[in-house]
Amino acid sequence: MTITAPARIEESADVDPRAAIGAGTSVWHLAQVRENATIGEGCIIGRGTYIGPGVVMGDRCKVQNHALVYEPAVVESGAFIGPAVVLTNDHLPRAVTPAGELKTAEDWQPVGVHIREGASIGARAVCVAPVTIGRWAMVAAGAVVTRDVPDFALVAGVPARLLGWVGEAGTPLEPVGRDTYRCPVTGRTYLQRGERLEPHPSTDDPSPAQKWPFDDLPRKNNPI
């Protein structure tokens, strides 16, 4: 196990020796972090959570109690995963093969959920892989996400549908003109271009995008 001091690992947590835990990260009671998982600095891994083999997580993420983060998920910095959230990894799940034999790791190809920087997944939501949750997007509690979610989108329902837009503060954006929105907290403005929202070019981006392992893969689902 690679632990960068002063990470905090509760005694009842099960952290594989091959996992890497960043400085300032807390892994709470009964959580399980599997082999080759990488968790960044300043994260909170809540009680009873599961982090699968090879999962990649950035800095300052919060994973709340009993969330299930199955491999090969990628979670960028500043993401929030609420209580009992499930990130799936099998698009066509079966316990057995057509011949009736119990499936092994060689009998299926795992697919992952990619949560981008600053995004939030509400309590008991399910993200059905393969999907990407865009930067600073917000998924409502209890939602079932089956398609990619654009940056800054607010989605809810089963299946999840676009309800509006949110800013970095998480507050719904207010329309201030044609295809123009403003955050009532930060004052930042955004422009809607079709089904996408982008920060107004006249404002600075406080959190520039960074390169992550799934960035070069094509989107598999049309956006919500």
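**Close-up views of a predicted model**

**View 1. Confidence along the chain.** The mean pLDDT of the protein, where pLDDT is the predictor's confidence in each residue from 0 to 100, is 90, and 88% of its residues reach 70 or more. Over residues 205–219 the pLDDT is below 50, and beyond near neighbours in sequence this stretch has 34 contacts in the model, a contact meaning heavy atoms within 4.5 Å. Where pLDDT is low, the predicted coordinates should not be read in detail. Because this is a predicted model, local features need pLDDT of at least 70 and side-chain atom pairs count only at pLDDT 80 or more, while totals for chains, interfaces and linings use all residues. Residues are numbered from 1 along each chain as its sequence is written, and side-chain values use heavy atoms, with hydrogens and water left out.

**View 2. An open sheet of four strands.** The strands, which are DSSP runs of E with at least two residues, numbered from the N terminus, are ordered β24-β25-β26-β27 with antiparallel pairing, two strands being paired if DSSP finds at least two bridges between them. At the edges lie β24 (174–177) and β27 (196–199), each of which pairs on one side only. Strand β26 (residues 189–193) is joined to β27 in the antiparallel sense over four bridges, and Gln192 has Leu197 in β27 as its bridge partner.

**View 3. Cysteines without a disulfide.** A search of the whole structure finds zero disulfides, a disulfide being a pair of cysteine sulfur atoms within 2.5 Å. The sulfur of Cys61 has its closest cysteine sulfur in Cys43, at 4.6 Å, which is too far for a bond. Cys61 counts as buried (under 20% relative accessible area, with a 1.4 Å probe and protein chains only) because its relative accessibility is 1%, and Cys183 is buried at 0%.

Conventions. Buried means under 20% relative accessible area, exposed over 50%, partly exposed in between (1.4 Å probe, protein chains only).
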